[in-house]
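Here is a walk through how two chains meet. Have the structure open while you read.

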Number of protein chains: 2
Amino acid sequence: MSTSFADAATLTHEQLEEGTAFAPRFDAHGLITAVAQDQGGRVLMVAHMNAEALRLTIETGEVHYYSRSRKALWKKGETSGEVQKLIGLSVDCDQDTLLLTVEQTGRGAACHTGRKSCFYRVLKDGKLVDTGEPRLFDPKEVYGY
Amino acid sequence: MSTSFADAATLTHEQLEEGTAFAPRFDAHGLITAVAQDQGGRVLMVAHMNAEALRLTIETGEVHYYSRSRKALWKKGETSGEVQKLIGLSVDCDQDTLLLTVEQTGRGAACHTGRKSCFYRVLKDGKLVDTGEPRLFDPKEVYGY
């Protein structure tokens, strides 16, 4: 199976927003924002994909991102074992954001800090308060730092 | 109340990821990605905030974004009446993404197409399939186009 995407520039506004053509609008850096949510509605993480990461995600059913800090394709879980299985993929109205529904395998930690979700702090009176999310792995053991 | 943010550049990696200082990392354009989710876990929309939009959101309890297409501060619902009330605000591990829990007031439509969520299409066999999300308002009536 070879995945190709439509070119958003060839679509009308109506086609982009209401049509069936999948035309992900990668930005000037070739990236698109991807929000990963579990089946219970918990937002686990927000990252970016380039076209290759998106193709590999669709073709393998395992989520791939593009790491902006490492400037490299990044299969989620390649180091940690915390692979994300793709359950569903949605796109927003203007096709510049993806919403992934995933099953977080491994120990269930999407975050590199070892927590289930990257969103483990809430703002209260101007300060961040840790919600007490447990660490499901020790990042020092997994990443060696 | 005057809201100020910490400068992420003055924080250690540990302080940024585990500390109590709220240091939203605006990008080179002065923007940060914000995901808005309702209390049931439905992701409604993904947009951007500049520092002013974030301050106003926190100070007024009504969600403000920055419109990249209009290059202007944008109070959600200012035209449509679909104001978002802020219930909670989380930040991710490296503080470059915000997760807002909101109550979507008005007719309950976060999307400018009149639907509850901007994510009303799923990818299936390479094509987008409309999930049948009803329109809660007629965008032609609301926006005049």
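Which residue in E5(B) is the bridge partner of Val122(A)? That partner is Ser90(B). One thing to keep in mind as you look around: this is a predicted model.

**A sheet across two chains**

The pairing of Val122(A) with Ser90(B) belongs to a link between strand E7 of chain A, residues 121–124, and E5(B). Two bridges hold that link, and the strands run antiparallel. On the chain A side, E7(A) also pairs with E8(A), again in the antiparallel sense, over four bridges. Within that pair, Lys124(A) has Lys127(A) as its bridge partner in E8(A).

| Strand pair | Sense | Bridges | A bridge partner pair |
|---|---|---|---|
| E7(A) and E5(B) | antiparallel | two | Val122(A) and Ser90(B) |
| E7(A) and E8(A) | antiparallel | four | Lys124(A) and Lys127(A) |

Step back and you'll find an open sheet of six strands, in the order E8(A)-E7(A)-E5(B)-E6(B)-E1(B)-E2(B), with mixed pairing. On average, neighbouring strands here are turned by 35° against each other, ignoring direction.

**The contact between the chains**

How many residues of chain B are in contact with chain A? The count is 33, and they meet 33 residues of chain A. Six strands of chain B each supply at least two residues to the side that touches chain A: E1 (32–38), E2 (43–49), E5 (84–91), E6 (97–104), E7 (121–124) and E8 (127–130). E5(B) gives the largest share, four residues. By type, that side of chain B divides into 16 nonpolar, twelve polar and five charged residues.

**How the copies relate**

**The core**

Finally, the largest nonpolar core has 60 residues, and Val35(A) and Val35(B) have the most contacts inside it. Leaving out residues up to four places away in sequence, Val35(B) touches Val35(A), Val43(A) and Val46(A) from the other chain, along with Val43(B), Val46(B), Thr97(B), Leu99(B) and Leu100(B).

Technical notes. Residues numbered from 1 in each chain as written. Chains lettered and ligands numbered in written order. Predicted model: local features only at pLDDT ≥ 70, side-chain atom pairs only at ≥ 80, totals over all residues. Core = buried A, V, L, I, M, F, W, Y, C linked by C-beta atoms within 7 Å. Buried ≥ 20, exposed ≤ 12 C-beta atoms within 10 Å, placed from the backbone. Contact = placed C-beta atoms within 7 Å. Nonpolar A, V, L, I, M, F, W, Y, C, P; charged D, E, K, R; others polar. Pairing = 2+ DSSP bridges. Axes fitted to C-alpha atoms, helices over the stretch in contact; angles between N-to-C directions.
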